[in-house]
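Here is a short report on packing, voids and ring pairs. Look over the model first, then read on.

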Amino acid sequence: MSPLLVAVLLAAEAPAVEVTAPPPTSERLVAPEVTAGFGFLGSSYASSGFRLGDPQLAPLVTARYLFGGFTTDAGVLLSLPLTPDGVGLAFTGSLRVGWTWRKWSLVGGAVMQWASGATPALQWLPTLKLSADFGSFGMTLGVLDELALLPAHLSFDLKQGRRRVSVGWVVPIGLVAGADLPLTERVGLRFHAFAFKAFQAEMAMVTVSGTFGGGR
């Protein structure tokens, strides 16, 4: 028998070697996302009680992107007064960076607020957001979160897939709530509302936004 034929027969009898692909990278707690929507904002200063004053239309856009675990999130909000004798035009922008793990996400940065007629007209504020996942529910702790509209809040999420309902406490007296409703695999609607009283400042806001991308 020729050496070539022997080699062919041995190769045919050799067991096949199964090549398996490496396991996929673990999913992160948050994903890239863009949101755009409109809100109705009311803010006022009062000595007692709770009232809605100085109504404003508030278009807003937010974006989040991940480079591996490195996370950036940014947002802009324009406050357009609806009454001539109320507050003036205002603009808010924020930029935060941080890291996202499979069960945790932490971002921090700065918020820039400009308001016509205010003294000073321009101010900078720090902002921080910590999110955690515990399976069927999650938790979010924010300080000057939501473009610095919320002084501090602790919220809890109930989720099923991309559907999510959240409710939380705003410091010192207030509530925040929200819901995500997916329409397609990558597109959805987000409903968000809060109301709080902090010393003599009062604020309430309701927003409806379209979401494009990931979740949370």
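In which strand is the place of V206? V206 sits in strand β12. Strands (E, at least two residues) and helices (H or I, at least four) are DSSP runs, numbered from the N terminus.

The model is predicted: local features need pLDDT of at least 70, side-chain atom pairs count only at pLDDT 80 or more, and totals for chains, interfaces and linings use all residues. Numbering runs from 1 along each chain as its sequence is written, and side-chain values use heavy atoms, with hydrogens and water left out.

Leaving aside neighbours within four places in sequence, V206 is in contact (heavy atoms within 4.5 Å) with F38, G39, F40, H192 and A193. V206 and V176 are 30 residues apart in sequence and 10.0 Å apart in space, C-alpha to C-alpha.

A nonpolar core is a set of buried Ala, Val, Leu, Ile, Met, Phe, Trp, Tyr and Cys residues joined through side-chain atoms within 4.5 Å. Buried means under 20% relative accessible area, exposed over 50%, and partly exposed in between (1.4 Å probe, protein chains only). The largest such core has 14 residues. Those with the most contacts inside it are L77, L149, L150, F194, F196, M203 and M205. β2 (55–67), β11 (187–198) and β12 (201–213) are the elements giving two or more residues to this core. β11 gives the most, with three. Outside its sequence neighbours within four places, F194 is in contact with L149, L150, L175, V176, M203, A204 and M205.

**The cavity**

Strand β10 (residues 173–182) gives the most to the lining, with five residues.

**Aromatic pairs**

Rings of Phe, Tyr and Trp (its six-membered ring) pair if their centres lie within 6.5 Å; planes under 30 degrees apart count as stacked, over 60 as edge-to-face and the rest as tilted. The count comes to five pairs. Two are listed here.

| Pair | Centre distance | Plane angle | Class |
|---|---|---|---|
| W104 and F134 | 6.2 Å | 80° | edge-to-face |
| F134 and F137 | 5.4 Å | 25° | stacked |

W104 is partly exposed at 39% relative accessibility. F134 is partly exposed at 43%, and F137 is partly exposed at 33%. Ring pairs also link Y65, F67 and F70 into a cluster.
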